[in-house]
Every structure is written in C-alpha cells, then in structure tokens.
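Thanks for making time today.

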Amino acid sequence: MIVGEIANFVAYAFAPAVLVTPLGALSIIVSAVLAHFILKERLHRLGVLGCVMCIAGSIIIVIHAPKEHSITSVLEIWSMATQPAFLLYVGSVVVLVFILVFHFAPQCGHTNVLVFTGICSLMGSLSVMSVKALGTALKLTFEGKNQLIYPETWFFMLVVATCVITQMNYLNKALDTFNTAVVSPIYYVMFTTLAIIASVIMFKDWDDQSGGAILSEICGFIVVLCGTILLHSTKEFERSSSFRGGSYMPVSPSLSARLCSGGNGELEKHEEEDGSPSEEICLRRQELY
C-alpha cells in the first residue's frame, strides 16, 4: 500500500489530475482479479462487464487527456492557487465541510451515507491539488531547482497532511457505519468529480482542448463510473445471494403445521385425512396476521 501511494503521489507530479484521478478505478479491477484467483471468489459476468467498462473508459480518458503544463517553480503553482476562481472554490469547500461536520454529522451522519462521504470527497479534492503542488515542488527539487526554500512548499505540505488526515478519518467512519458496496462507488464518484472540477479551475486543464476532446473525456469518465458501480453492485449481489443460500433452511411440514395451527386440531385432522401440505395455509395465515 505504501508503494502504491508513493507511485500515485509521483503520478500527480508528472500528469494532470484530470488524467490521474479517474484511473484510480483500475485498482478495483486488480482487486477483483486477485480476489478471483487468490481468494477463490467467483467473478460474476456482470463483474467482468464492469471491468471491461473501466478499462475502456480509462483508455478513452488517456487518449484524450490534456498535456501537462510546464512548471518551473512552486511560485507558479502558488499564483494558480491564489487566483480568485480557485479561492472561491476553496472557500465554498471549507464552508460546506464545516456545515457537514458540525451540523449534519451529529444529526444524520449515521443514517445518511452522503454526509461522511461528502466530507471525504470535498477534502479529497483539496488534498489532490496540494499533493500535485507538493509533488511538482519535490520533482523540481530533485532536478536541481531547490523549492524547499520557499514557504509555499511547506504550506502545501501542511495542507496535504491536514486534508489527508481529515479525509481518512471520515472515510473510516463511513466504512464503519455503512456497507462497503454502498460507500465505495459513492465516494469514488463524488471524490473524482470534485477533484476534476478543482483541477480544471486551478490548473485550467481544459483551456487548450477542443470541445470534442473534453466531451470524450467526460464520456470516458462516465463509462468508468458505470463500470465501478456495476462491479460493486455485483459484489454485493454475490454476497447477499450466498448468504441466503447458506442460511436458509426449510421448515419441516409437521413443524410448520404445528406452529401455524397454534393448538387448532382441525388443521392436523385435515392433514391426516387427505395428506395435503399445510405450508400454503401457514403463509396465508401469517400474511393475514
């Protein structure tokens, strides 16, 4: 996991967030394939379709992704982060997070999955921008252009730490409260969408692209979203069906008749005369009750 997160961190330094963030869905495919071969979990046909959709959408995104802008100093990123449009976005995110944390979380955080996942996704969009800024600064430092002398680099590091800790805290709360098959697709959709919006505002990734390229990226992103949701829904379907298949035990006719008759001897007498099963009568009586 540490190696994977380091690789993800490095990817943000070399590619736009519009490209890197949606490709996180590929980890779901790897997990599904490994679970099939190592844990012997059966991959449903709809699960295979979900994997194919994720791969197809990722290919579309890669083909039409914007090019990375050349950045020579962390001060350039700081000027992007302090532009009015992005400051408005940051202010809106902070206000929404405070409202969700202090107003909605105590009241309906444990009953509405959107509260905890909303906090994670909002903070996650800021963490992606800060990670990209910090990764670019470290890349320039390793190339011989020391960026650690600027206080902006350390500020981005502080923002990364704050956002990641908050994000992981509320993501764990969401996973502890709700089903993983519900939390994961909702979190992926909200987090990826907000991260793309933040990247478009801050780094202006779509300014140099044509309308067709932007539309193709959006379509590829939607295909990846559908594949992700399909994979998780299939996993939940398999879990629920296996649970029902393993725990259901039919009640014997004699026991069913005794439970439904409640001491009424007429039903037992009727069974003895013609031998007709009493399960249907039992179910009808239960429905009436």
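Let me start with helix H5, residues 74-81, and helix H8, residues 151-177, whose axes come within 9 Å and cross at roughly 60°; axes here are lines fitted to C-alpha atoms over the stretch in contact, with angles running from 0 to 180 degrees between N-to-C directions, and helices are DSSP runs (H or I, at least four residues) numbered from the N terminus. H5 and H8 are therefore oblique to each other, given that angles under 35 degrees count as roughly parallel, over 145 as roughly antiparallel, 65 to 115 as roughly perpendicular and the rest as oblique. On the H5 side the contact (heavy atoms within 4.5 Å) is made by Val-74, Leu-75, Ile-77, Trp-78 and Ala-81, and on the H8 side by Glu-152, Thr-153, Phe-155 and Phe-156.

This is a predicted model, in which local features need pLDDT of at least 70 and side-chain atom pairs count only at pLDDT 80 or more, while totals for chains, interfaces and linings use all residues. Residues are numbered from 1 along each chain as its sequence is written, and side-chain values use heavy atoms, with hydrogens and water left out.

Turning to the largest pocket, about 1,800 Å³ of space lies in it; a pocket is an open set of points on a 1 Å grid over the protein atoms alone, where a 1.4 Å probe fits, with protein on both sides within 12 Å along at least five of seven lines, and lining residues have an atom within 4 Å of a point, the volume being the space filled by probe spheres set on the points. Of its 47 lining residues, Glu-5, Gly-24, Ser-27, Ile-28 and Tyr-187 are the closest to the centre. Which helix gives the most to this lining? That is H1, with eight residues.

Definitions and conventions
Helices (H or I, at least four residues) and strands (E, at least two) are DSSP runs, numbered from the N terminus.
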